[in-house]
Amino acid sequence: MAVTAARAGDIAAARLKERIYATITLTAVVVALSETDHPEHLESALTVAVTALGVWLATLVADEQSHRALTRRSATWAEIRTALHVSSPLLLTAVGPLVLIGVSALGALELETALLISAGVEVATLFLWGWRTGLRMGNGPLSALISGLVDTVIGVGVVAVKILAGH
């Protein structure tokens, strides 16, 4: 089955949406871990990995349930492959924090520092996606800068709400 340009664009947009959602979620998790009195490497790595895995599995379950509710049938193998492809950024987002936790476990930096660097990189990523989107919309560099800043503020705000709520 050939993928049309419009369908490829929809898939790319869905993958980016998943990546942004996972970025915000994992940023909240690593900031919360950095605020723990005595975080441990293994516990931190497991928390990050299980969070990413849990969000990914929840997404797959939600996709299948909504698919069945709308189409009154289970997904085909092609639809399942598409769902796996679209949702894979949820897992990829954990790679950066896990690498930094591993570097910290080797003694290169303190765990709290590794977690805060990870959160900083994720927030910078939110800015870059917003900035790139602003550029692609063709409204000029100032508009792109504002778009990046707005996405960053929204992302940081969501992280703050998640942390304040204890998530």
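Which residues in helix 6 meet which residues in helix 7? That was my starting point today.

**Ground rules.** I am working on a predicted model, where local features need pLDDT of at least 70 and side-chain atom pairs count only at pLDDT 80 or more, while totals for chains, interfaces and linings use all residues. I number residues from 1 along each chain as its sequence is written, and side-chain values use heavy atoms, with hydrogens and water left out.

**Entry 1: helix 6 and helix 7.** On the helix 6 side I listed Val123, Leu126, Phe127, Trp129, Gly130, Trp131, Gly134 and Leu135. Their partners in helix 7 are Pro141, Ala144, Leu145, Ser147, Gly148, Leu149, Asp151, Thr152, Gly155 and Val156. Contact here means heavy atoms within 4.5 Å. By class I get 11 nonpolar, 6 polar and 1 charged residues for this contact. For the classes, Ala, Val, Leu, Ile, Met, Phe, Trp, Tyr, Cys and Pro count as nonpolar, Asp, Glu, Lys and Arg as charged, and the others, Gly among them, as polar.

Then I looked up the geometry. I noted the crossing as right-handed, that is, with the near helix turned clockwise from the far one by less than a right angle.

**Entry 2: the whole chain.** I count 7 helices and 0 strands. Helices (H or I, at least four residues) and strands (E, at least two) are DSSP runs, numbered from the N terminus. The C-alpha trace spans about 50 × 40 × 30 Å along its principal axes. Of the 167 residues, 31% count as buried; buried is under 20% relative accessible area, exposed over 50%, partly exposed in between (1.4 Å probe, protein chains only). Among contacts with a separation of 6 or more, residues 24 or more positions apart account for 68%.

**Entry 3: the cores.** What makes up the largest nonpolar core? I wrote down 12 residues: Leu26, Val29, Val30, Val31, Leu33, Val48, Ala52, Ala94, Ile101, Leu111, Leu115 and Ala119. A nonpolar core is a set of buried Ala, Val, Leu, Ile, Met, Phe, Trp, Tyr and Cys residues joined through side-chain atoms within 4.5 Å. Helix 1 (5-34), helix 2 (41-71) and helix 6 each give two or more residues to this core, and helix 1 has the largest share, 5 residues. Apart from this core lies another, of 6 residues, among them Ala22, Trp56, Leu60 and Ala83.

I picked out Leu115 and checked its contacts. Not counting residues up to four places away in sequence, Leu115 touches Val30, Leu33, Ser34, Ser44 and Ile101.

**Entry 4: helix 5.** In helix 5 (residues 95-105) I find Pro97, Leu100, Ile101 and Ser104 buried. Why do they line one face of the helix? Seen down the axis, the buried residues fall within an arc of 100 degrees, so they sit on one face; the arc is that of the directions from the helix axis to the C-beta atoms. These buried residues pack against helix 1, helix 2 and helix 6. Helix 5 is followed by Gly107, with a positive phi near 95 degrees.

Ser118 ties in here. I place Ser118 in helix 6, buried at a relative accessible area of 2%. Leaving aside neighbours within four places in sequence, Ser118 is in contact with Val30, Gly96, Pro97 and Leu100. Its C-alpha is 18 Å from that of Glu18, 100 residues apart along the chain.

Entry 5: Is Arg72 buried or exposed? Arg72 is exposed, with a relative accessible area of 79%, and is found in the loop between helix 2 and helix 3 (77-87). I also noted a positive phi of about 60 degrees for Arg72, although it is not a glycine.

Val158, in helix 7, counts as partly exposed at 31% relative accessibility. Ile80 is in helix 3 and counts as partly exposed at 30%. I get 31 Å between the C-alpha atoms of Ile80 and Val123, 43 residues apart along the chain.
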